[in-house]
There are 2 protein chains.
Amino acid sequence: MASNNRNISRDYPPEPTLHRLPWYLAYVSMLRHRNVEYVSSTSIARELNVDASQIAKDLSVLDIKGKTRIGYEVVALENALRNFLGFATGHNAVILGAGSLGSALMADTGLERFGLNIVAGFDISSEMINREIKGIPVYHIDSLADMQTRLKAEIAIITVPVEQAQIVADLAMEAGIPALWNFTPSRVLTAPGTVIQNTSIYSHLAVMYNRLSLLRNEDRID
Amino acid sequence: MASNNRNISRDYPPEPTLHRLPWYLAYVSMLRHRNVEYVSSTSIARELNVDASQIAKDLSVLDIKGKTRIGYEVVALENALRNFLGFATGHNAVILGAGSLGSALMADTGLERFGLNIVAGFDISSEMINREIKGIPVYHIDSLADMQTRLKAEIAIITVPVEQAQIVADLAMEAGIPALWNFTPSRVLTAPGTVIQNTSIYSHLAVMYNRLSLLRNEDRID
């Protein structure tokens, strides 16, 4: 992707594109496992139920060209996607709140394959501090700024109880951590220039519960 | 929320509303902890940086009215939100894929407070089967349909490796599980009437990595 002639539109794909690219990566990884050599955007489109022209447009952010009638080389496309998405590079991250969900993420070794290295956890509970979770040390949250000079975390993963979310977000920003990944159901306000993503697992639950209740009501009417 | 005069627009709030309601719940829960008695949509708006008219519109899906100049009663609003979002009711769920992420979710006791009861896990690995994770049994995936008659799971949580996602999704739908919660980076195709939510933690990582690389490039230019 490094290029001297970079332009803004290439370096700034919109979020919906960045959300679809991992689908394509998952699909072409599967094809590689099956030793498939080439794949066209029309066959990706058929498999994933996404418009083929949308796929061609999404893939145009990559430094890779498909061949007419043959399509993309599977191995090259997989590598280009992994590199572009940042999954091939290690990114240091810290967990803020080593409770139930925080510990779970520290124990989830699958995240490493997507370039996420959780290097430390932080908490206020004396039960958690100075322990290790799957080999990852947990420190007192008060030492975050000090530790950050050594840890150089790019991402602070926020898994504290909801009423602490903004407090630890502020601590992370003060410590100079440039990105926040908020797993709490709370809205977190950020300083300009801070990267934030909200993984609102509880709001996904809310949508499912609501749609399930609609299904039950339909059944009752039928 | 039960009402004889139900109408579609009340029973079918759009997803963005269902995504914002948990923010309001998190905020009013915090106010209750602080023994605050009333809250107005303008003060929620200020705290959460959401437009006040949007908040009033979102809250209109609830069977609760604010008082002019005083606002909503905090305890009543918290209860109305919890009930409406389905967090106050237990919903049975099964984990399909008791690997790293699946085990982590089974160990995350925090989900129970949002109405999610994970009653069983399913896997194909003989190392996992007939074990328990935090007291939750793990069975062979082949027994899913049989077990479902007893478990009555409403939600199948998909945490298998990406190439297995569609296969277990199909098994879940065949077993009559009405909702799928897909944690894999793969797109999952569903039968009409099936509820699906994708929690694409990897695509959130991709967005953060990309935005971080843009920040670094800006720094280089400055």
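Is N49(B) buried or exposed? N49(B) is exposed, at a relative accessible area of 55%, where exposed denotes over 50%, buried under 20% and partly exposed the range in between (1.4 Å probe, protein chains only). The model is predicted, with local features requiring pLDDT of at least 70 and side-chain atom pairs pLDDT 80 or more, whereas totals for chains, interfaces and linings use all residues. Residues are numbered from 1 along each chain as its sequence is written.

**View 1. Loop residue N49(B) of chain B.** N49(B) lies in the loop between α3 (41-48) and α4 (52-59) of chain B; helices (H or I, at least four residues) and strands (E, at least two) are DSSP runs, numbered from the N terminus. Although N49(B) is not a glycine, its phi is positive, at about 60°.

**View 2. Loop residue R69(A) of chain A.** The loop between α4 (52-59) and β2 (72-73) of chain A contains R69(A). R69(A) is a residue other than glycine and has a positive phi near 70°. With a relative accessible area of 86%, R69(A) is exposed.

**View 3. Packing of helices α2 and α5 in chain A.** Helix α2 (residues 15-33) and helix α5 (residues 74-85) of chain A pack at an angle of about 145°, their axes being 9 Å apart. Axes are lines fitted to C-alpha atoms, for helices over the stretch in contact, and angles run from 0 to 180 degrees between N-to-C directions. Residues of α2(A) that meet α5(A) include L18(A), L21(A), L25(A) and V28(A), and the α5(A) side includes V74(A), L77(A), L81(A) and F84(A); contact means heavy atoms within 4.5 Å. By class, the contact of α2(A) with α5(A) comprises 13 nonpolar, one polar and three charged residues. Here Ala, Val, Leu, Ile, Met, Phe, Trp, Tyr, Cys and Pro count as nonpolar, Asp, Glu, Lys and Arg as charged, and the others, Gly among them, as polar.

**View 4. Helix α6 of chain A.** Six of the eight residues of helix α6 (residues 100-107) of chain A are buried, so the helix is mostly covered. The buried residues are L101(A), G102(A), S103(A), A104(A), L105(A) and M106(A).

Technical notes: Chains lettered and ligands numbered in written order. Heavy atoms only, no water.
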